[in-house]
Every structure is written in C-alpha cells, then in structure tokens.
Amino acid sequence: MTPPPVFIGSDIYRRQGFGDNHPLAIPRVGLVMETAEALGWFPDGWRDSPAATAAELERFHAPDYLAALERVERDGAATEHDRDRYHLGTRENPIFPGMNERARTSCGGSIAAAKVALAGGVAFNPAGGTHHGMPARAHGFCYLNDPVMAILTLLEGDAAPVFYLDLDAHHGDGVEMAFKDDPRVVTCSIHEVGRWPKTGQAHGPAGSGVYDFPVPGGFHDAELAFLMTHAVLPLIDAVRPQAAVITCGADALAGDPLSRLSLGNTALWNAVGAVVERVPGTVVLGGGGYNPWTVARCWAGLWGHLNGWRAPTPLPEPIRARFAELDCDLVDEEDRNPLWFETLEDAPTDAPVRAEIVALAEELPAPPGKAD
C-alpha cells in the first residue's frame with residue numbers, strides 16, 4: 001500500500017526573509033502552510049524540517065564557504081572579500097537574520113524528503129528548489145543547493161538512476177553542473193529561453209544525461225503537456241529511474257513578474273503527477289516564484305493534488321481575507337487577477353502548440369545508454 005504524501009515544513013518560513021527590498025521578501029512557504037491549514041489539509045500534521053548538518057552539506061559545498069555563511073550571519077554584514085569570493089552581501093544574495101538557518105533548513109527538508117522517497121513515498125518540501133546554489137558561492141538568491149542534497153541522499157540509498165526534472169522558469173544550472181558527468185543522474189530542465197542565468201541551451205550531447213528545453217515566452221499549458229507527453233515522459237520510461245526529484249518553481253506561471261511564461265498551475269500539477277505515477281519514490285520541491293498569490297495557490301494546490309484533494313470555490317473566507325491583505329511591489333494592482341482571491345485552480349488554456357515546441361521534442365537526443 002502506497003503511504004500518504006508527506007509535507008515537510010518549518011515555522012522559520014513564517015518569518016520574512018531576504019530583508020525588505022528583494023523579490024523574495026514576500027510571504028511564500030509560510031503562506032502555503034497557512035492556506036493548507038485553513039483547508040484542513042494537514043489531518044496528521046506536517047513533518048518539521050531538520051537543519052542539514054555540516055557533514056551533509058560538505059558532500060557538495062566547500063567548508064570555507066559554509067564557514068563564511070555562518071560568520072556573515074553572525075556579524076550581520078559581509079566583507080569585500082565575502083562579496084567577491086562568495087557572492088554574499090550583494091543585492092542578489094543579501095545578509096539577513098536567519099539566513100544561514102533558513103538555507104540549512106531548506107536543505108535538511110530535502111534530505112528528509114529523499115529519505116521518504118527511498119522508502120517508496122512522495123514528499124513535498126516547498127521551501128526547496130534552490131537550484132542555482134554553487135559549491136563555494138551563493139548564486140541567484142540561492143545560498144545552498146537543496147536539490148543536490150536530495151539527489152545525493154537518493155544515490156547514497158542506492159536509488160540510481162535518479163531523474164531530476166526542473167520546471168522553474170530559470171534554468172537549473174547548479175544541479176546540472178553537479179551531475180552532468182554522473183551517469184547515475186539524468187537532468188531535465190524546461191525553462192525560458194534567454195532568461196537569467198542564460199544557460200541551458202537545447203539538450204546536451206547525446207548520451208550525456210543532460211536534457212534542456214529552453215522555451216519561448218508565452219509558453220502555455222498545452223505546450224507543457226506536449227513536451228511532457230512527447231519528450232519528458234518517454235525519457236523517464238527509457239531511463240527507468242528508481243527515484244525522481246522535481247523542482248516545481250511557481251515563476252513559470254502567468255502573472256509572475258520575473259518571467260514571460262504563461263502556464264496555469266493545473267498544468268504544473270499534472271506534470272508533477274505524471275512523474276509521480278511512473279517513479280517508485282519522488283521528492284517534490286518548490287523553487288522560484290515572485291507573486292505571493294500565484295505561489296501560494298500553486299504550491300498549496302499542488303499539495304492537494306498529490307493527495308487527491310480539491311479546494312472549494314469560492315475559497316473559505318479566512319483564505320480570501322488573507323489573500324486580500326497581501327501586497328507586492330512587483331505586481332501592480334491592475335494586474336491582480338480577481339480569480340486569485342476566489343480559487344486555487346487556474347483555468348486551463350487551450351492554445352495551439354507552436355512549431356518551436358514541437359522542434360524541441362523532435363530534436364531530443366537518445367537517452368543515456370540508448371544511443372546507436
């Protein structure tokens with residue numbers, strides 16, 4: 001009998017992070033937890049995330065960088081050396097109270113999620129998905145790399161091969177860098193073409209285990225479904241992974257201020273669900289997302305989808321009131337869709353699949369070990 005999905009959270013996410021002037025200084029995971037709580041979607045509670053230990057983090061991150069993270073948080077400031085060498089204390093990666101604890105907790109949650117997957121289960125850590133983190137520097141709002149921690153935990157548990165799917169609007173460069181030469185891991189990223197960090201060109205060399213799908217602006221539900229059906233799911237069927245890790249960034253949704261993609265959240269839920277159905281154990285993570293309404297609706301709804309639950313429409317009054325009191329400098333009032341305050345589910349779009357998307361699927365290299 002398949003065990004019920006596990007939600008991994010922490011009260012640390014109810015506190016604001018990233019200071020006052022940053023795209024991530026908005027309610028995100030804490031708001032997801034509030035929403036799910038108001039819907040009664042934690043009948044057995046949620047699992048409290050541990051903080052990753054230094055030994056766990058040193059499987060990927062450099063000891064001197066980990067020491068620098070502790071020091072700058074303690075001092076409340078970064079030196080010029082910290083900014084130059086570790087990219088700490090920049091506008092991109094600011095110093096704020098709880099910075100190091102928050103990053104370690106995210107990684108600990110993904111390690112815990114991987115242990116659930118090793119036992120044949122599904123675990124959702126919405127605070128995860130910090131896929132840009134590099135071994136010895138912060139990068140792209142990511143101080144540590146929790147998807148890498150999850151994959152390493154799965155590999156140590158003999159769950160190879162592992163399939164990593166990244167649905168964030170930004171290319172999962174840190175994860176790809178970590179495993180591009182590891183035959184036990186296949187990485188697959190669907191991201192906006194030309195968007196920062198401007199890596200992840202179409203596919204990789206045949207047999208390398210790297211599959212990148214840079215999609216154009218306006219990428220919509222039917223196009224994601226097409227890529228899943230004609231490229232990603234056949235890849236999974238060919239690789240036959242023992243476990244999967246999915247970064248489900250909410251910045252690929254219509255209404256996000258830092259991308260030009262146009263997905264509805266149900267398209268993301270369906271993509272995640274299709275992978276979960278095919279793989280013995282799955283880690284599901286959050287990722288980017290800079291619109292508090294679309295982030296909360298997407299990830300709370302994803303938790304419901306993993307459990308087979310649907311939220312009522314209209315939403316209960318406490319949720320609508322909470323959403324109504326939110327604000328976000330990056331999303332103008334006239335751009336706030338009234339449906340964001342009434343329902344968790346976006347209406348699916350039905351538009352033609354463009355030739356660029358078809359070409360990405362048709363040009364797919366052979367899976368690792370399948371090349372002629």
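Mentor: Start with K198, which is exposed at a relative accessible area of 61%. Exposed means over 50%, buried under 20% and partly exposed in between, with a 1.4 Å probe and protein chains only.

Trainee: What is this model, and how are residues numbered?

Mentor: It is a predicted model: local features need pLDDT of at least 70, side-chain atom pairs count only at pLDDT 80 or more, and totals for chains, interfaces and linings use all residues. Residues count from 1 along each chain as its sequence is written, and side-chain values use heavy atoms, without hydrogens and water.

Trainee: Where is K198 found?

Mentor: In the loop between β5 (185–192) and β6. Helices (H or I, at least four residues) and strands (E, at least two) are DSSP runs, numbered from the N terminus. K198 is not a glycine, yet its phi is positive, about 60°.

Trainee: And F18, buried or exposed?

Mentor: F18 is buried, at 10% relative accessibility. Its phi is near 70°, also a positive value in a residue other than glycine. F18 sits in the loop between β1 and α1 (29–38).

Trainee: New topic. What is the strand order of the sheet?

Mentor: β2-β1-β3-β8-β7-β4-β5-β6, an open sheet of eight strands with parallel pairing. Pairing takes at least two DSSP bridges between two strands.

Trainee: Which strands stand at the edges?

Mentor: β2 (47–48) and β6 (210–215). Each has a single partner strand, so one side of each lacks a neighbour in the sheet.
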